[in-house]
Amino acid sequence: MIEIKNITKSYYPGGVEAKVLKGISFTIKDGEFVAIMGPSGSGKSTIMHILGALDSPSSGEYFLDGKDVSKFSDDELADIRKNKIGFVFQAFNLLPRATVVRNVSLPLIYAGIPKKEREERAIKALRSAGFDESRFYNLSNQLSGGQMQRVAIARALVNSPSLILADEPTGNLDTKTGDIVLGTFQRLNAEGKTVVLITHEPYVAEHAERIIHIKDGSVLEDKKNENKRVIKL
Amino acid sequence: MDYSDLLQETTFALLSNKVRSGLTILGIVIGIGSVIAMIAIGQGAQNSIQASIQSIGSNLIVVMPGSQRSGVVSAGRGSATTLTQADADAIASDISGVAVAPDITKRYQVIVPGQNTNTQVIGTTPEYVQIRKYDIAEGSFITSDQVRSMARVAVIGPTTASDLFGDGVDPIGKIVRINGIDFNIIGITVSKGSSGFLNQDDFLIIPITTAQHLLAGVDYVSTISIQAPDQNSMADIQQQITDLLLARHRISNPQSADFSVMNQADIVSTASSVTNTFTILLASVAGISLIVGGIGIMNMMLTTVTERTREIGLRKAIGAKKRDINLQFLAEAILLTFAGGFLGIVLGFLLSLLISNFMGMATQVSLFSILLAFGVSAIIGIVFGYYPAQRASKLNPIEALRYE
Ligand SMILES: Nc1ncnc2c1ncn2[C@@H]1O[C@H](COP(=O)(O)OP(=O)(O)OP(=O)(O)O)[C@@H](O)[C@H]1O
Ligand SMILES: [Mg+2]
């Protein structure tokens with residue numbers, strides 16, 4: 001369960017305050033599939049980083065499963081990220097000189113999973129992200145944007161997190177593969193995982209149960225998605 | 001993250017930038033290699049000096065001019081004029097059972113037609129050959145008659161002989177010229193072997209009277225060598241010599257003696273302290289290169305941390321703790337220095353082999369210097385890797401991920 005109350009975030013580029021988030025509040029229950037939608041620069045990634053315990057808000061409160069995240073130490077935050085959260089970053093953030101499998105199994109190293117199991121789980125995650133089997137051992141800087149996207153998704157899934165935070169996960173995919181990825185998220189959601197999908201495309205957002213509309217750092221609209229698109233895989 | 005993962009991550013990171021890792025390691029390799037080689041040279045010098053001193057002669061007591069201060073050979077040797085032939089004669093006649101050979105030793109340019117060399121010219125008496133354990137290979141040693149008659153004859157050491165006449169040439173009967181005076185070579189000694197800094201085969205021996213009056217123009221002696229009949233009487237004889245010379249020089253306080261009486265053990269310990277200083281000096285010069293190598297490691301690690309900022313951000317985002325990041329970068333630095341240390345030890349071995357083979361210096365690579373090298377390289381890894389690793393571990397994950 002995610003509860004944020006009146007979250008703000010300011011940056012000070014060149015000493016001048018820039019308010020990126022201006023008091024955002026919402027609650028996401030376990031098992032929900034939520035899309036956060038908004039134009040570029042509206043603060044979506046910033047929200048995702050805060051939800052993912054990667055960044056801290058300038059003010060406001062964040063309760064994750066009832067616990068105040070601002071009270072956690074760095075190591076406890078690392079544990080939360082490791083055990084509960086799977087990130088799909090907008091910029092992928094793969095290790096360029098490492099193979100696909102190595103990239104995907106990286107979170108498992110910190111989770112203390114034995115080597116053999118790591119590889120098996122990485123391959124499973126890659127399959128469920130629809131990644132081309134013949135490229136499992138390619139270096140990740142030899143992949144296309146869409147392929148990297150799927151590696152990034154596989155990496156977010158590999159640790160079976162209860163919360164998946166995906167920042168523009170279909171941004172580099174054509175409609176068909178994009179649909180496969182969205183279908184994957186729907187399947188994971190059906191399996192009980194909470195999914196927060198960040199996008200600027202209404203089409204993508206319509207795959208969620210609920211859409212939170214962000215504009216200029218504020219919640220413009222937060223409502224249930226009446227006509228949810230369902231992808232049958 | 002367990003240790004095998006850590007090792008794997010570390011080797012992976014280092015191997016993905018082979019050239020840079022290699023160059024950085026090179027600094028440590030050279031540092032450790034030269035420390036080991038330098039210590040090996042020092043140790044080898046020490047060993048060979050000790051061996052040479054042992055081979056000077058057994059049950060040997062040496063009287064040197066100069067104050068007697070805790071066995072420091074060089075103390076007051078500049079005023080080397082306090083011992084005389086008469087002192088030597090007194091020791092020979094007053095103390096029973098000893099063989100005595102005074103000598104006056106100086107370096108001269110020794111000339112033969114078409115060749116010359118600088119060597120030590122030892123003016124002494126016939127007893128010298130026995131006391132200092134020389135063997136005559138060919139010809140004969142100087143005799144008492146020759147000493148009495150200030151004969152212009154010389155016994156030559158094998159090194160000097162080959163320097164002057166070339167290898168395999170019989171020097172007996174040849175003429176050498178020292179300070180314009182011609183000497184007839186009458187004998188050549190058997191080689192005692194040269195090792196390191198001390199060449200025991202490079203000399204000319206001439207009658208002491210000739211050396212004093214024709215060459216140096218003085219009548220003092222530089223040292224008096226005495227051979228005690230056996231090991232047990234050494235201390236007693238040393239004491240007798242001291243008492244005798246104090247009385248002869250009219251000195252009442254033994255502390256202000258103008259000569260020193262030493263046995264081989266004294267000489268060995270003095271020489272050891274000299275070579276120790278020398279070893280430390282060599283090793284610390286080499287140590288400086290090790291520090292430079294360490295700075296190279298730090299430089300590389302700082303560059304690496306900067307270059308891999310995004311990677312560090314990602315690792316933190318997927319659950320790496322400060323400690324994990326810290327360990328990873330520290331491990332990289334330590335692995336670099338260990339690899340460098342290992343190759344450095346190999347290099348040190350090769351260097352000391354080369355030095356002893358091609359420069360004729362004895363060397364000895366000791367276990368101590370290897371352990372030292374390993375210890376030092378580990379410490380360098382930790383010390384110079386610590387700061388970059390700290391820096392990496394303290395990065396804010398989101399800022400690190402945004403880093404371009
Ligand atoms: N570290 C930072 N320093 C200064 N300004 C920042 C920083 N991070 C984000 N911003 C600003 O905050 C605003 C929101 O950024 P954010 O990345 O959250 O946007 P977004 O909604 O994800 O946009 P997009 O759809 O293009 O990804 C932008 O105007 C950006 O310039
Ligand atoms: Mg964004």
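Trainee: In which helix is the place of Gln54(B)?
Mentor: This is a predicted model. Chain B has a helix that covers residues 18–56. Gln54(B) has its place in that helix, α2 of chain B.

Trainee: Is Gln54(B) buried, partly exposed or exposed?
Mentor: Buried means under 20% relative accessible area, and exposed means over 50%. Gln54(B) has 48% relative accessibility, so this residue counts as partly exposed.

Trainee: Which residues does Gln54(B) touch, not counting residues up to four places away in sequence?
Mentor: Set aside the residues up to four places away in sequence.

Trainee: What distance separates the C-alpha atoms of Gln54(B) and Lys316(B)?
Mentor: Along the chain, Gln54(B) and Lys316(B) are 262 residues apart.

Trainee: How far apart in space are Phe349(B) and Ser34(B), C-alpha to C-alpha?
Mentor: Phe349(B) lies in helix α11 of chain B, residues 322–358. In sequence, Phe349(B) and Ser34(B) are 315 residues apart. C-alpha to C-alpha, the separation in space is 9.6 Å.

Trainee: Why does Phe349(B) count as partly exposed?
Mentor: The class runs between the buried limit of 20% and the exposed limit of 50%. Phe349(B) is partly exposed because its relative accessible area is 40%.

Trainee: Which residues does Phe349(B) touch, not counting residues up to four places away in sequence?
Mentor: Residues up to four places away in sequence are not counted here. The contacts of Phe349(B) are Ile36(B), Val365(B) and Ile370(B).

Trainee: Which residue takes a positive phi just after α7(B)?
Mentor: Helix α7 of chain B spans residues 208–216. Its buried residues include Ile208(B), Ala211(B) and Leu215(B). Just after α7(B), a positive phi of about 70° is taken by Gly217(B).

Trainee: Which protein residues are donors of the magnesium ion, ligand 2?
Mentor: The protein donors lie 1.9 to 2.2 Å from the ion. One donor atom is OG, the other OE1. They belong to Ser45(A) and Gln90(A).

Trainee: How many residues apart are Ser45(A) and Gln90(A)?
Mentor: Ser45(A) is in helix α1 of chain A. Gln90(A) is in the loop between β6 and α3 of chain A. The pair links distant parts of the chain, 45 residues apart.

Trainee: Where does Phe92(A) lie, given its phi near 60°?
Mentor: Phi of Phe92(A) is positive, in a residue other than glycine. Phe92(A) is buried, with a relative accessible area of 10%. Phe92(A) lies in the loop between β6 and α3 of chain A.

Trainee: Is Ala53(A) buried or exposed?
Mentor: Ala53(A) has its place in the loop between α1 and β4 of chain A. Its phi is near 60°, a positive value in a residue other than glycine. The relative accessible area of Ala53(A) is 3% and the limit for buried is 20%, so Ala53(A) is buried.

Trainee: Which element gives the largest share of the lining of the second largest pocket?
Mentor: About 520 Å³ of space lies in the second largest pocket. Its lining has 35 residues, and Ala53(A) is among the closest to its centre. By class, the lining has 14 nonpolar, eight polar and 13 charged residues. The largest share, five residues, comes from α2(A).

Trainee: Which element gives the most to the lining of the largest cavity?
Mentor: About 80 Å³ of space lies in the largest cavity. Both chains line it, with Arg81(A) and Ile318(B) among the residues. The lining divides into six nonpolar, two polar and three charged residues. With three residues, the most comes from β6(A).

Trainee: Which three residues supply 28% of the area that chain A buries against chain B?
Mentor: In all, 24 residues of chain A are in contact with 22 residues of chain B. The chains bury about 2400 Å² between them, 57% of it on carbon and sulfur atoms. More of chain A's share than from any other three residues comes from Arg97(A), Arg102(A) and Tyr110(A).

How values were computed
Residues numbered from 1 in each chain as written. Chains lettered and ligands numbered in written order. Predicted model: local features only at pLDDT ≥ 70, side-chain atom pairs only at ≥ 80, totals over all residues. Heavy atoms only, no water. 1 Å grid on protein atoms, 1.4 Å probe; cavity = no way out; pocket = protein on both sides within 12 Å on 5 of 7 lines; lining within 4 Å. Points joined across faces, edges and corners; volume = space filled by probe spheres on them. Helix = DSSP H or I, 4+ residues; strand = E, 2+ residues; numbered from the N terminus. Nonpolar A, V, L, I, M, F, W, Y, C, P; charged D, E, K, R; others polar. Donors = N, O, S within 2.8 Å, 3.2 Å for Na, K, Ca; no water. Contact = heavy atoms within 4.5 Å. Buried area = accessible area lost by both parts, 1.4 Å probe. Buried < 20%, exposed > 50% of the residue type's maximum accessible area, 1.4 Å probe, protein only.
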